[in-house]
Amino acid sequence: MPVIVDSDVAVPKARAKTTPICYHCGVECMTTSIRTEEKYFCCEGCRLVYQLINDSGMCDYYSLQSHPGLAQVKPLRTDKFLFLDTEAIAEKLYQFTNGDLTIVTLYIPAIHCSSCMWLLEHLGRLDKGVSESRINFTAKEVTIHFSRKQTSLRKIAELLATVGYEPYISLDNANNKVASSFTKRRIIKLGVAGFCFGNIMMMSFPEYLAGNTGIEKQYAHLFRYLNLLLSLPVFFYCATEFYAAAWAGIKQKTLNIDTPIVAALLITFSRSVYEIITKTGGGYLDSMSGIVFFMLVGRIVQERTYSSLSFTRDYKSYFPIAVNVRTTEGLISRQLQDLQKDDIVVLHNEEIIPADAVVLNNNALIDYSFVTGEAEPVVVKQNEMVYAGGKQTGEELILRIVKPIAGSYLTSLWNNHAFKQNKTNTNDKKSSIHLLSRYFTIVLFTLALLTTIFWYYYDPSKIITSVSAMLIVACPCALLLAATFTNGNILRIFNLNGLYLRDPTVIEQIAKTDHIVFDKTGTITQPGTNELTSAGHTLTTGEGNLLYAVTSQSNHPNSVALTQWLGVRDATQLDSWTETPGEGIRAAKGSRQILVGSGRFTGQKSETEGAEKATFYVQIDSNVTAFYIRSSFRPAIPAVIAGMRRKYALSLLSGDNDRERSLLKNLLGQQSTMLFEQKPVDKLNYIGRLQQKGHKVMMIGDGLNDAGALQQSNVGITLAEDVNNFTPACDAIFSANQLSRLPALLQMARQSSVIIRLSFAISVLYNIAGLYFAVHGLMRPVVAAILMPCSTLSIVIVSSGCSNLLAWRKGLTIKTA
């Protein structure tokens, strides 16, 4: 709801009555005149959808869940998806086509329940050209198979929009139509490793369990050679990503955690081959294949957890794939990258400005909140500039392109050096896990050298046995598993509580944070909600009905806010209604004259310097009421910031004006820093200055205007109403409805290092015990086979138990409902 009312003067509300609920979407109906078969609808759009579904015999859609429509169905412009008729554009969205059969995957933000799934998976009953449709509920995507001879991508998009599931198609879709096959390759590797590991273990048990009696030699040799055969795909195929990561670290002259793992795999495999060929033992092939298998499991689980989230989005995810351009041949669709200087572009309400341009008509009311952070729409007059990324909030807008998208103000921000740095690689190098693995590798190789020297003088025959056993038993996998399982469980808990991290290294960066920077618009304030107060004349019931009829026809944010404030009213037919962009609305009903707009438009005195800029007036005949709108804080924000003020330095950066400075100062504390009317590059530079002073900075924002600051900061958190919808590049995505849990989550990140150190201690004890036996030449394969899973199991129990206990004590969710 776009407004919360708090009035200084009493205003008669609509009379109490039983308000019917829309059968399709569940919204309160403004009138009872839109009905079919005793079913009420809030608008003609919802009734149209019902009739379409009913005529197709698909009314099970409504039996699965009451009022399954997520929102009112808006009328669809006939040319909205015109660009999909352009083959050069449509083919960029195709995943497969043979000229007729075509497969496409579309993102549907409105997917939210079982009814949505049922309707979209029966799309073929609404369009005979669709042969199959499948839903990915987590990613909010529908994959559609259709025949281009019977239907088209444009018709499918229009059908989806008509039934309330409008697809979101952006410029980023065109640039990333082919999904990476890396995940599929990793799953194949996991399957191969799992098959080989299971069979190697099965054929190793007879030798392990035979004890001193042994097994017949011919069977022992057979099983050993079969194990060697099964280990080849594990060593040469499944483990290749570990080799690549280790080699990349060596080329950068660093020893990452994969380096000693690869060393252990090489030694394990080499010694096992030696023992099997020389018939001196069965080797450690089960341990080697187990290491590879469990490492792949951990990486795939983490990857699949965040498969529906994107932490690397840029402006292309926000921009449309094409726009309508007016030419001598009429209206045509043109891809954004093909826009040229002086092209004439036609935009409609809620559409994005694709490039810096000049306004050619007087209908420009531009919302820059997502780009600059400015909360209020800006009135732009004819022949004035508008900038890429702004959103038109009024009627049809005609623009002349001044700069193509590559040269616009918004894309210039993405050329900043902050977007060229790889934060993941930087954090990996600073990670305590990788620092520890570097020292661990050095210590291990030093001990191996000392062991070699010792046995060289006392018993040279034990050198190979002792040194290879050391490198196998003291493999850093136990250390890696300690961090992997601990961080994995913490990531799981964060996930359950609405905080999705890009990777485990972000946990450490959160723990090191000492300065938190907030954006205002959309982060501290609640998007789409405002506090509205009034002063002056008290509206009568009849005046309220008249005013509702006037404002309900306008898309201006002030009109929308006032309409919501008035509540449900009886429909009143006006004699005349005219809206002047940037000024206000003039309407008449009989002899009564109604004006809604600025002080100048309504004939009132102009606002004095420093007055609230969101003020507007309502004049009905000679009676005047002044209204004031200001942003509303998110309900959880006061408690969240109160919990942070004692532990962190706080700053606020806003692209908006400073009229609420005193209110925000009381919220964040007198010691906090506040900067207003900040451009995106100003925010980025401010965080850079804090980092130069030695601060570890966390930035919490929500829009494109925060993208540079989010990237520059040590930890960038995007606050999102829907984690699957567009969010700028960041380190973490935080669900806005879980905001109250942020202080507890930050504390848990700071205390997680204790759990990791405890898990490390257990790993170190295991390694010390294993090294003792290995150095003395007493380590047998069966002992190694028992010690390794016991160590892993103990790490899992300790890390899971401690992290769950810590989360429970902080009141966080630790398991799914």
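In which sense do strand S5 and strand S7 pair, and over how many bridges? Strand S5 (residues 101–107) and strand S7 (residues 141–147) pair in the antiparallel sense, over seven bridges. The views below are taken from a predicted model.

**View A. The four-stranded open sheet in the order S4-S5-S7-S6.** Pairing in this sheet is antiparallel. Strand S4 (94–97) and strand S6 (130–136) form the edges, each pairing on one side only. From one strand to the next, the twist averages 15°. In the pairing of S5 with S7, Leu101 stands opposite Ser147 of S7.

**View B. Helix H5 across the sheet strands.** Helix H5 spans residues 153–162 and lies across S4, S5, S6 and S7. The helix runs at about 135° to S7.

View C. Apart from neighbours within four places in sequence, Thr563 is in contact with Tyr548, Thr551 and Ser552.

**View D. Asp342 in the loop between strand S9 and strand S10.** Phi of Asp342 is near 80°, a positive value in a residue other than glycine. Asp342 counts as partly exposed, at 44% relative accessibility.

**View E. Asn383 in the loop between strand S13 and strand S14.** This loop connects S13 (378–380) with S14 (385–386). Asn383, a residue other than glycine, has a positive phi near 75°. Its relative accessibility is 59%, so Asn383 counts as exposed.

Methods. Residues numbered from 1 in each chain as written. Predicted model: local features only at pLDDT ≥ 70, side-chain atom pairs only at ≥ 80, totals over all residues. Heavy atoms only, no water. Pairing = 2+ DSSP bridges. Helix = DSSP H or I, 4+ residues; strand = E, 2+ residues; numbered from the N terminus. Axes fitted to C-alpha atoms, helices over the stretch in contact; angles between N-to-C directions. Contact = heavy atoms within 4.5 Å. Buried < 20%, exposed > 50% of the residue type's maximum accessible area, 1.4 Å probe, protein only.
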